[in-house]
Amino acid sequence: MKILNCLSSIRQCAKPILRTYTSPAADLLKLPRVDIKEGKLRYLLLSVYIHGETKHARTVVRGWNTDSHDDIYYKNVRAMEKLGLCTKCLGGGKMDNDESARKIEIHGSCKTFGAANHHKTKEILLSSSKYKNFNITVKK
């Protein structure tokens, strides 16, 4: 009986710790800043945040081979909602990602969300360990 009482008190102490590691804040911190594919792709610059906490937003880049920027946006919105996070689009554009040549060219805009800040996108890509040694250019 003493063991059961002891285990019960341990579980009560562990609950707040478990809640901390599965909270939207923890999910926001674990969220990868870059998720892009190889080739010619459309991309979005997104601000991801906890509802009501826009001051602590994380800006991320998402780029896929798709016909529409809307596809990227709505798939990300659904994924973020599952984590308890909100998403705001900061604009979009196009990328030519040639991983074998270690080159990325960022250009264009998005009809739905407008043009992203391509220089901010470049900064985020260069902060990623995978793309830090790439030659990244921004075309007008």
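So, Lys37: at 39% relative accessibility, this residue counts as partly exposed. Keep in mind that we're looking at a predicted model here. Lys37 has a salt-bridge partner, Asp35, and their side chains meet at 3.6 Å, N to O. Asp35 is partly exposed too, with a relative accessible area of 27%.

Now look at the backbone of Lys37. Its oxygen lies 2.9 Å from a polar atom of the Asn97 side chain. Where is Asn97, then? You'll find Asn97 in strand S4, residues 85-98. And is Asn97 buried or exposed? Buried: the relative accessible area is 3%, and the cut-off for buried is under 20%. Setting aside neighbours within four places in sequence, Asn97 touches a whole list of residues, including Ile36, Lys37, Leu41, Ile104, Tyr131 and Phe134.

Asn97 also has a side-chain polar contact with Glu99, at 3.2 Å. Glu99 is partly exposed, at 22%, and Glu99 forms a salt bridge with Lys130, 3.6 Å from N to O. Glu99 sits in the loop between S4 and strand S5, while Lys130 is in the loop between helix H4 and strand S6, so this pair ties together parts that are 31 residues apart in sequence. Lys130 itself is partly exposed, at 46%.

How many salt bridges are there in the whole structure? A search finds 6. One more of them to show you: Asp27 with Lys30, at 3.8 Å, N to O. Both lie in helix H2, 3 residues apart, about one turn of the helix. Asp27 counts as buried at 15%, whereas Lys30 counts as exposed at 57%.

Key
Residues numbered from 1 in each chain as written. Predicted model: local features only at pLDDT ≥ 70, side-chain atom pairs only at ≥ 80, totals over all residues. Heavy atoms only, no water. Helix = DSSP H or I, 4+ residues; strand = E, 2+ residues; numbered from the N terminus. Buried < 20%, exposed > 50% of the residue type's maximum accessible area, 1.4 Å probe, protein only. Polar contact = N/O pair within 3.5 Å; in protein donor to acceptor, adjacent residues only side chain to side chain. Contact = heavy atoms within 4.5 Å. Salt bridge = Lys/Arg side-chain N within 4 Å of Asp/Glu carboxyl O.
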